[in-house]
Amino acid sequence: MGETKRRIDPLTPEQRRRTMSRVRSKDTKPEMRVRRLVHGMGYRYRLHRKDLPGNPDLVFVSRRKVIFVHGCFWHGHDCRAGRKRPKTHQEYWDRKLRRNRERDAENQAKLREMGWDAFIIWECEIKDEEALKQRLVDFLDSPAKEISHE
Ligand SMILES: [Zn+2]
């Protein structure tokens, strides 16, 4: 006897909604800071192009470059915040966050195939604004890849 089918998702919809909105609202702030920074440096970009894999946060069309601003928890960064897990439903979160990482990797591979350069900014890297600025310049001002149309 007993359960024959293990439930995949141990959270009630309400629990999940609460957990996710908590995580997501934390993730939007770093994105705003990066936008402001990049804009202040004189670069112009478009937001969230739906037609590109992974729906990148900032898109630099003529440079063929994109930036993702990733929350450390949500996207599984190898840092303290990224290794943290909620105390309950650990298996659920491990699986979910592993899937997120796999999806990120797939999207980046697809973008590369399409001739786009992708740059990931992690939430924990935003504090050091000077270092981040330098990395942004290095990324955005490096020559775009040659795209062969043969
Ligand atoms: Zn991090």
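This section describes the fold, the central strand, the nonpolar core and selected loop residues of a predicted model.

The protein chain contains five helices and four strands. From the N terminus on, these elements follow the order α-β-β-β-α-α-α-β-α. Buried residues account for 17% of the 150 residues in the protein chain. Among contacts between residues at least 6 apart in sequence, 62% join residues at least 24 apart.

Strand 3, formed by residues 65–70, is mostly covered, as six of its six residues are buried. Lys 65, Ile 67 and Val 69 point one way from this strand, whereas Val 66, Phe 68 and His 70 point the other way. This arrangement can be set beside a general rule: in a regular strand the side chains alternate between the two faces of the sheet. In strand 3, the residues pointing in either direction are all buried.

Strand 3 is paired with two other strands. Strand 2 and strand 3 run antiparallel and are joined by three bridges; within this pairing, Leu 58 stands opposite Ile 67. The two strands form a hairpin with four residues between them.

The largest nonpolar core has 12 residues, namely Val 34, Val 38, Leu 58, Phe 60, Val 66, Ile 67, Phe 68, Val 69, Leu 111, Trp 116, Ala 118 and Ile 121. Helix 1 (13–40), strand 2, strand 3 and strand 4 each supply at least two residues of this core. Strand 3 gives the most, with four residues. In soluble globular proteins, nonpolar side chains tend to be buried together. Phe 60, one of the core residues, also touches Tyr 43, Tyr 45, Lys 65, Val 66 and Leu 140, when residues up to four places away in sequence are not counted.

Helix 5 (residues 129–141) presents another picture. Of its 13 residues, the number buried is zero, so this helix lies largely in the open. Its length can also be checked: at 1.5 Å a residue, the helix should span 18 Å, and its end C-alpha atoms are 18 Å apart, which agrees.

Several loop residues were examined individually. His 48 lies in the loop between strand 1 (46–47) and strand 2 (58–60). Leaving aside neighbours within four places in sequence, His 48 is in contact with Asn 55 and Asp 57. The C-alpha atoms of His 48 and Val 59 are separated by 7.2 Å, although these residues are 11 residues apart along the chain.

Asn 55 is also placed in the loop between strand 1 and strand 2. This residue has 14 other C-beta atoms within 10 Å and is therefore partly exposed. Most residues other than glycine have a negative phi. Asn 55, however, has a positive phi near 50°. Arg 64, in the loop between strand 2 and strand 3, likewise has a positive phi, of about 55°, although it is not a glycine. Arg 64 counts as partly exposed because it has 15 C-beta neighbours inside 10 Å.

Technical notes
Residues are numbered from 1 along each chain as its sequence is written. This is a predicted model: local features need pLDDT of at least 70, side-chain atom pairs count only at pLDDT 80 or more; totals for chains, interfaces and linings use all residues. Two residues are in contact if their C-beta atoms, placed from the backbone, lie within 7 Å. A residue is buried if 20 or more other C-beta atoms lie within 10 Å of its own, exposed if 12 or fewer, and partly exposed in between; C-beta atoms are placed from the backbone. Two strands pair if DSSP finds at least two bridges between them. A nonpolar core is a set of buried Ala, Val, Leu, Ile, Met, Phe, Trp, Tyr and Cys residues joined through C-beta atoms within 7 Å. The expected span of a helix is 1.5 Å times one less than its number of residues.
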